[in-house]
Amino acid sequence: MLVGGATFAVQYAAVGRDIRAKTDELGSVASEAAGAIDGDAHAEITGIDHPAFLSVRHILRDTVDRHHLVSPVYTLAPSGDGTRFVVMTNEVPYFGHNYLLHDEMRPVFDRGESSRKGVYGDEHGYWVSAYAPIKTQDGKVVALVEVDHPGESYISRRLMGVASGTLLGGLAFVLVLLIPRMARLGAVKGLRHLVVGRLATRI
């Protein structure tokens, strides 16, 4: 059981390190994109035909291309108790659609700090994400850039860690129970012959 627990702990820690590395990478990308966006212009966007919408979308699409991102990038502005989509890289825009306010977004809106979010799920799948503030010239945060990466692979790896840890723990438990009994029955010699393919002793 200790063997299984140790195996699970090692694999869980490895996945955790990979998640942190990915969110750090996404954070750098989000900060770069947010820094290139004019916050005063972004605050004036009223729809998908607004000139600032088109200019911000160009920045975001350039970010996707240069960093070979596999998920859309978008900006979110505060809206009541949640957020709303403003600019996105998708071919079909969804300007003004409502979205959640994750706890990790609060430092961005409240204090202008970048933030990360480990594996989480929503109606569209599982993700890891990073957020960076879009600021006006006077330092006011008017929106954030969100950069995502699919999180299914991290979940799969953790589930495999649980499965392998459980299997090894179960095998170790069985051996702990059987070896003393086999020794008492004089089966150690028979086990050795079994391993080399010459079972000669009956158990």
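**Figure 1. Strand β1 is mostly covered.** Five of the seven residues of β1 are buried, where buried means under 20% relative accessible area, exposed means over 50% and partly exposed lies in between (1.4 Å probe, protein chains only). The model is predicted: local features need pLDDT of at least 70, side-chain atom pairs count only at pLDDT 80 or more, and totals for chains, interfaces and linings use all residues. Residues are numbered from 1 along each chain as its sequence is written, and side-chain values use heavy atoms, with hydrogens and water left out. Helices (H or I, at least four residues) and strands (E, at least two) are DSSP runs, numbered from the N terminus.

**Figure 2. β1 pairs with β2 and with β6.** Two strands pair if DSSP finds at least two bridges between them. β1 and β2 run antiparallel over five bridges. In this pairing, A77 stands opposite R84 of β2. The hairpin of β1 and β2 has two residues between the strands. There, G80 takes a positive phi near 60°. β1 and β6 are also antiparallel, over four bridges. V73 stands opposite V147 in β6.

**Figure 3. β5 is largely enclosed by the rest of the structure.** Why is β5 described as largely enclosed? Because nine of its 11 residues are buried. β5 pairs with β4, residues 115–122, in the antiparallel sense through six bridges. R116 stands opposite A130 of β5. A hairpin of two residues connects β4 to β5. Nine bridges join β5 to β6, and these strands run antiparallel. Here P133 has L144 of β6 as its bridge partner. The hairpin of β5 and β6 has five residues between the strands. In its turn, G139 has a positive phi of about 90°.

**Figure 4. The largest nonpolar core holds 42 residues.** A nonpolar core is a set of buried Ala, Val, Leu, Ile, Met, Phe, Trp, Tyr and Cys residues joined through side-chain atoms within 4.5 Å. Which members touch the most other members? They are L60, V145 and V147. The elements giving two or more residues to this core are α1 (2–35), α3 (51–67), β1 (73–79), β2 (82–88), α4 (106–111), β5 (125–135) and β6 (141–150). α1 gives the most, with seven residues.

**Figure 5. A close-up of V145 and the residues it touches.** Contact means heavy atoms within 4.5 Å. Residues up to four places away in sequence are not counted here. V145 touches A30, A33, A34 and I37, among others. Its contacts also include L60, V73, Y74 and T75. Further partners are A130, Y131, A132 and I134.

**Figure 6. Y74, F85, Y94 and Y99 form one aromatic cluster.** Rings of Phe, Tyr and Trp (its six-membered ring) pair if their centres lie within 6.5 Å; planes under 30 degrees apart count as stacked, over 60 as edge-to-face and the rest as tilted. The whole structure has three aromatic pairs. One of them is Y74 with F85, which is edge-to-face at 5.1 Å centre to centre and 70° between the planes. This pair links distant parts of the chain: Y74 lies in β1 and F85 in β2, 11 residues apart. Y74 is buried, with a relative accessible area of 8%. F85 counts as buried at 8% relative accessibility. F85 also pairs with Y99, in a tilted arrangement at 5.4 Å centre to centre and 45° between the planes. That pair too links distant parts of the chain, with F85 in β2 and Y99 in β3 (residues 98–99), 14 residues apart. Both F85 and Y99 are buried.

**Figure 7. K117 lies over the face of Y120.** The distance from the ring centre is 5.1 Å. A charge sits over a ring if NZ of Lys or CZ of Arg is within 6 Å of the ring centre and within 35 degrees of the ring normal.

**Figure 8. The chain has six helices and six strands.** From the N terminus on, the elements run α-α-α-β-β-β-α-β-β-β-α-α. Of the 203 residues, 38% count as buried. Among contacts between residues at least 6 apart in sequence, 54% join residues at least 24 apart.
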